[in-house]
Structure formats: C-alpha cells, structure tokens
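Please keep the sequence and the model at hand while reading.

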Amino acid sequence: SATSATFVSTTGSNPPAQTFSVGVSGSCSGTVAVTPTLTLSSGSGWLTVGPTGAHANTGSPASLNVNVAAAKLPAGNYTGTISLAASIGTNALVNSPQAISVTLTVTDPASINVSPTSISANVTTGSVTQAIALNNGGGGSLNWKASLDSTAPSWVTLSTTSGTLAG
C-alpha cells in the first residue's frame with residue numbers, strides 16, 4: 001500500500017487527482033469502514049479526499065480519490081497527511097490508523113526573459129558580435145526557438161536558434 005502521494009503543479013492549474021485502493025488483509029469478516037482524516041502542515045484548503053467514508057471487504061478494496069486545489073496557491077512546497085482509520089462497527093482494526101503523507105510542489109510557469117531587449121550595430125568594416133542573454137524566470141523547463149525576420153539583412157545571423165532553459 002502507498003505511504004505517500006506527490007503532486008506537482010504550476011501556479012494557476014490543478015494537478016490530476018490520484019486514486020488509492022485500501023484493501024483488507026487477513027481473516028477479516030464483515031465490512032470494514034475506512035474513514036479518512038486530513039491534516040495540513042502548510043497552506044489551507046488545498047487537499048481533499050473522498051468519499052468521506054468508504055467500505056472494504058476481503059477481496060474488494062475501497063477506492064479513495066485524492067484531489068489537490070493548487071490553482072490559487074502561490075509557488076512553494078505544501079505538505080499534509082491523510083490518516084485512514086479502519087473499523088468494523090465500533091472496533092478499530094489492528095494497525096489502524098495508517099498514514100499517507102502528501103507533498104505538493106507548486107512552481108511558477110516558465111517565463112522567458114531577454115536581455116538586452118534591443119540591439120543596434122554601427123559597422124563600417126569587419127564584423128561585430130552582440131550577445132543576447134535568455135533565462136527562465138519561472139519554474140519548469142522552457143524550450144525556445146529563435147529566427148530572423150524575413151526582412152533581416154543577409155549579414156545578420158544567429159549563432160544558436162534553439163535550446164532549453166532550466167527553471
């Protein structure tokens with residue numbers, strides 16, 4: 001069984017939900033009620049699990065859906081715990097509750113920055129090289145491509161036309 005869940009998202013979006021199966025092992029007779037409880041160590045309201053009460057039998061696990069609402073969270077790391085209590089009637093099962101640690105990493109979307117934003121050349125003979133620096137001001141990797149406008153003079157060239165910038 002899983003003891004952790006990891007979610008990754010960029011600001012403004014939610015990661016896909018994850019589904020967990022909670023099974024019953026051993027010689028358990030009767031229907032086992034599984035009750036999830038959430039504890040958030042950082043942030044608030046970003047983690048949900050459902051259904052709030054699930055049932056499992058030997059050979060027939062319960063499914064729990066874990067959802068993260070990251071769209072409105074600022075970039076950062078968030079942690080929480082899902083505690084799963086299992087019981088038959090009023091009797092708690094051995095090894096209950098079990099904990100699943102949840103980690104959410106929210107990054108800013110990739111963002112290209114260019115410096116300088118314009119260049120000019122005053123050349124009478126020879127050649128001049130001018131550098132343009134690109135960097136990723138956000139998170140995640142950023143694939144980029146550069147090209148010259150069709151009206152650019154033939155003596156203007158690019159030394160690199162594509163690449164990847166780490167976030």
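## Strand 7 and its partners

L40 has G80 in strand 7 as its bridge partner. The model is predicted, and this bridge belongs to the pairing of strand 3 (residues 32-40) with strand 7 (residues 76-88), which is antiparallel and runs over 8 bridges. Strand 7 also pairs with strand 9 (residues 98-107), again in the antiparallel sense, over 9 bridges.

Which strand is joined to strand 7 by 2 bridges? That is strand 8 (residues 91-92), and the two run antiparallel. I88 has N91 of strand 8 as its bridge partner. Strands 7 and 8 form a hairpin with 2 residues between them, and G89 in the turn has a positive phi of about 65°.

## The open sheet 2-6-4

An open sheet of 3 strands has the order 2-6-4, with antiparallel pairing. Its edge strands are strand 2 (18-22) and strand 4 (47-50), each of which pairs on one side only. On average, neighbouring strands of this sheet are turned by 25° against each other, with direction ignored.

Strand 4 pairs with strand 6 (residues 62-68) over 4 bridges in the antiparallel sense.

## S9 in strand 1

S9 is part of strand 1 (residues 4-10). Is this residue buried or exposed? S9 counts as buried because its relative accessible area is 5%, below the cut-off of 20%.

The side chain of S9 reaches the backbone oxygen of S13 at 2.6 Å. Residues up to four places away in sequence aside, S9 touches N14, P15, A70, L104, T105, V106 and T107.

## P109 between strands 9 and 10

P109 sits in the loop between strand 9 and strand 10 (112-115). With a relative accessible area of 41%, P109 is partly exposed, since that class lies between 20% and 50%.

How far apart are P109 and T10 in sequence and in space? The two are separated by 99 residues in sequence, while their C-alpha atoms are 5.5 Å apart. Neighbours within four places in sequence aside, P109 is in contact with T10, T11, G138 and G139.

## Cis peptides and a positive phi

Which residues does the cis peptide bond with omega of about 0° join? The bond links G50 and P51. P51 lies in the loop between strand 4 and strand 5 (54-56), and G50 falls at the end of the range given for edge strand 4 (47-50).

Another cis peptide bond leads from S96 to P97, with omega near 5°. P97 is in the loop between strand 8 and strand 9. N95 is located in the loop between strand 8 and strand 9 as well. N95 is not a glycine, yet has a positive phi of about 70°. N95 counts as exposed because its relative accessibility is 60%, over the cut-off of 50%.

Methods. Residues numbered from 1 in each chain as written. Predicted model: local features only at pLDDT ≥ 70, side-chain atom pairs only at ≥ 80, totals over all residues. Heavy atoms only, no water. Pairing = 2+ DSSP bridges. Axes fitted to C-alpha atoms, helices over the stretch in contact; angles between N-to-C directions. Buried < 20%, exposed > 50% of the residue type's maximum accessible area, 1.4 Å probe, protein only. Polar contact = N/O pair within 3.5 Å; in protein donor to acceptor, adjacent residues only side chain to side chain. Contact = heavy atoms within 4.5 Å.
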